[in-house]
Amino acid sequence: MTDQKIVFGYLRSSTNEEVKQGSNDRQKEIIDRFSTERGYHVEFFEDKAKSGKDTERPEFRRMLNSLEEKRPDIIIVAKIDRFARSLIDLLNTIDMLQEKNVGFISVQDQGIDTTSANGKLMLQILGAFAEFERNLINSRTKAGREKAMALGVKFGRPQLKTSKKNGSKFVDPRKIMELHEKGLSARAISKSIGCSITPVLKVINGE
């Protein structure tokens, strides 16, 4: 008996070179093979040369916007990194799918199947890692803020200005310290944020 589930398949390549090398075609073959074995008919959504870091991908958004109208039972991907590049983004999206009773399966990532009990357990484990990641980011942000304050950086509305032909522009000391900690020179930072080198040096030197 054929399972008449409504299934979406999502494909993504990061670069034009990946497209030329047939990345999306290989993903489609994997999903097709998996779905055919289960009697699924798949509607595909395909992003080409789109970064996984950004969830505002045209076909990805079109797929999510189609959930209410078409009410799919499952979304299938060949591999998780084609769907999301951040664990937090992945879990947030899967949480949204679960609220709409939509399952999620990654064919090549064993255990990532929210339609099974084991898959749901795996997501709980991943959720714990995501919480750890969030706490780690918060700790780093706090440490960076404390270091900046020790250097004399004042938080709140930035006070430094640099004049431009079309008026004045505020320069954010936090951004300067962030770039400085990444190893950029004062001159490189000034070019990056579009100001003169003077306010950059003042922030770095704690003046």
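Visitor: Does Thr-114 count as buried or exposed, and at what relative accessibility?
Guide: This is a predicted model, where local features need pLDDT of at least 70, side-chain atom pairs count only at pLDDT 80 or more, and totals for chains, interfaces and linings use all residues. Residues are numbered from 1 along each chain as its sequence is written, and side-chain values use heavy atoms, with hydrogens and water left out. Buried means under 20% relative accessible area, exposed over 50% and partly exposed in between (1.4 Å probe, protein chains only). So Thr-114 counts as buried, at 7%.

Visitor: What is the relative accessibility of Ser-13?
Guide: Ser-13 is in the loop between β1 (6–12) and α1 (16–20). Leaving out residues up to four places away in sequence, it touches (heavy atoms within 4.5 Å) Glu-18, Val-19, Ser-23, Asn-24, Asp-47, Lys-48, Ala-49, Lys-50 and Arg-82. Ser-13 counts as buried because its relative accessibility is 0%.

Visitor: And what about Asp-81: how does it count by accessibility?
Guide: Look in the loop between β3 (74–77) and α5 (87–99). At 29% relative accessibility, Asp-81 counts as partly exposed.

Visitor: How do α7 and α9 lie relative to each other?
Guide: The axes of α7 (residues 173–181) and α9 (residues 197–204) come within 10 Å and cross at roughly 75 degrees. Axes here are lines fitted to C-alpha atoms, for helices over the stretch in contact, with angles from 0 to 180 degrees between N-to-C directions. Angles under 35 degrees count as roughly parallel, over 145 as roughly antiparallel, 65 to 115 as roughly perpendicular and the rest as oblique. That makes α7 and α9 roughly perpendicular.

Visitor: Within what arc do the buried residues of α7 fall?
Guide: Those residues are Pro-173, Ile-176, Met-177 and Leu-179. Seen down the axis of α7, they line one face of the helix, because the arc (of the directions from the helix axis to the C-beta atoms) that holds them is 165 degrees.

Methods. Helices (H or I, at least four residues) and strands (E, at least two) are DSSP runs, numbered from the N terminus.
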